[in-house]
Amino acid sequence: MDDPYAPARDALAGGGLGGGADDGDAGDAAASDPAILAARLDDNDPLSAFADRYRVPDGVLYMDGNSLGPASDAALASLDRVVDEWRDLLISGWTDADPPWFSVGERLGDALAPLVGADPSEVVVGNSITVNVHTLVGTFLDELLAGNGPERAGFERADGTWDPAVDPAVLVNELDFPSDHYAVRAQLRQRGLDPDETLRVVESRDGRTIDPRDVEGALATHDDVGIVFMPTALYRSGQLFDVSRIAQAAHEAGAYAGFDAAHSAGAVPHEFREAGVDFAVWCTYKYLNAGPGSIGALFVAERHHGLTPALAGWWGHEKATQFEMNTEYTPADSAGAWQIGTPPLLSAAPLEGSVELLREAGIERLRAKSLALTDFLIALVDDRLPEVGVGTPRDHAARGGHVALEHPDAERLSAALTDRGVVVDFRPPNVVRVCPAAPYTSFADVLEVVDGIGAILDSGAHEEYATGGGGVT
Ligand SMILES: Cc1ncc(COP(=O)(O)O)c(C=O)c1O
């Protein structure tokens, strides 16, 4: 079958779920009965067998892979291999392990490149997201301050020379993950720039999403923006951004375009190279399933290779001469230059197996299934949970991999669900994030989650939970 998820699309297009034979145009009672529809979709699903290769504990419905992906046999095997190499090879593992540890950053970057539409030289793994925001925003601020940035009227004197009196600004948005703002502010401060003046923040109209016209509007209003730094997908509502459109707007305004792809890498295919993205950062512990605190990843467009990173370190040195131990730094001529110190091998090793699994499934197929799963989830919520809102855009082009369910008691609901083996998370003030990740989630799972929410709300079981718990969720 060309589109294995067509039954969901047809049923939803035919008037929604749950109404029986009178609903929609299909005249097919089965097509609008969610349990039968879920079974049909699971039977047709070409990716269904992948679930057996992930280690989700029995009795758990894991809907939190947008925070921390589960272990897979493949990830555990590549981790075990490196542990064995450490035991058997000791220091010689850097050169004699198969493959050698020395090039782990570049090698895993090569594996990730197709998932984000990059040349292998443009992706490397290293550091963490926050550290990578520091080094990349810092690098491009340095370029702007040195007068090497993209051409922009606001920074040039009439004779075309650089005007150092104009401070470069960074454009972000108010719904960003906070760490990104902390890091950008720190980088501005370290260059003597006042973040209260030079961090420009696009506001949300609805508290959930960012309208791309407001990004364009901010660029039209402020001609000092030197870097546009946006998420590919918002961490709370799951809104997916139009990366190409934002990159183009940034470039037309003479600014660099950088992205935080934490909430889409591994779930949504990207074309960073084709879109003209200048730089991007993401993690590997969410949809890339490489384990808690696993190594970060970054993209730097080929045209910027050769720049000196703001946070330079020996692991980003030109590889052929790294061990000559010169105190003068020669950056690698690739994204590899943005590595800093020795890569954490045990935090990188699981990625080899986990990414191989995703590549076997195929990022396009994973995205098609993810959209079908979130379509099904949203339709069920609309149909069965009238007191729950959907904060995630319904338009496929603006939807990432999770769905934000809004309820005034979201925190307690989230705790009650997790206690019953439905692992979700809460994001203040009123969002339960539900992530039916494509590699290991079935349509029957989604139905069970929605029924679980309904049962809790109907019985008031969530009211027994306290609020303000804080902690990691
Ligand atoms: C969108 C986003 N950016 C940045 C971070 C921070 O990442 P790290 O702790 O790996 O630096 C996170 C963490 O979840 C995130 O979701």
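The crossing of helix 4 and helix 13 is right-handed; a crossing gets that name if the near helix is turned clockwise from the far one by less than a right angle, and it is left-handed if the turn is anticlockwise. Helices here are DSSP runs of H or I with at least four residues, strands are runs of E with at least two, and both are numbered from the N terminus. Helix 4 covers residues 73-89 and helix 13 covers residues 345-361; they pack at an angle of about 140 degrees, with their axes 7 Å apart. The axes are lines fitted to C-alpha atoms, for helices over the stretch in contact, and angles run from 0 to 180 degrees between N-to-C directions.

Before going on, keep in mind that this is a predicted model: local features need pLDDT of at least 70, side-chain atom pairs count only at pLDDT 80 or more, and totals for chains, interfaces and linings use all residues. Residues are numbered from 1 along each chain as its sequence is written.

Back to our helix pair. Residues of helix 4 including Ala74, Leu79 and Val82 meet residues of helix 13, among them Leu345, Ala349 and Leu357. Being in contact requires C-beta atoms, placed from the backbone, to lie within 7 Å. By class, this contact of helix 4 with helix 13 has 10 nonpolar, three polar and two charged residues. In this scheme Ala, Val, Leu, Ile, Met, Phe, Trp, Tyr, Cys and Pro count as nonpolar, Asp, Glu, Lys and Arg as charged, and the others, Gly among them, as polar.

Now look at another pair. The axes of helix 7 and helix 8 come within 9 Å and cross at roughly 40 degrees. Helix 7 and helix 8 are therefore oblique to each other: angles under 35 degrees count as roughly parallel, over 145 as roughly antiparallel, 65 to 115 as roughly perpendicular and the rest as oblique. Their crossing is right-handed.

The ligand is surrounded by 13 residues, and the closest are Ser128, Ile129, Thr130, Phe177 and Ala262; a residue is near a molecule or strand if its C-beta atom, placed from the backbone, lies within 6 Å of it. Helix 7 (129-145) and helix 8 (178-190) are the elements that give two or more residues to this shell. Sorted by class, the shell has six nonpolar, five polar and two charged residues.

Seven strands form an open sheet in the order 2-8-7-6-5-3-4, with mixed pairing; two strands pair if DSSP finds at least two bridges between them. At the edges sit strand 2 (123-125) and strand 4 (199-202), each pairing on one side only. Strand 7 and strand 8 pair in the antiparallel sense over four bridges, and Ala280 has Phe299 in strand 8 as its bridge partner. Helix 6 (residues 104-116) packs on this sheet, touching strand 2 and strand 8. A second open sheet has four strands in the order 9-10-13-12, with antiparallel pairing.

Most residues other than glycine have a negative phi, and most peptide bonds are trans. Asn127, in the loop between strand 2 and helix 7, has a positive phi near 65 degrees. A cis peptide bond joins Asp98 and Pro99, and another cis peptide bond joins Pro428 and Pro429.

How values were computed:
Contact = placed C-beta atoms within 7 Å.
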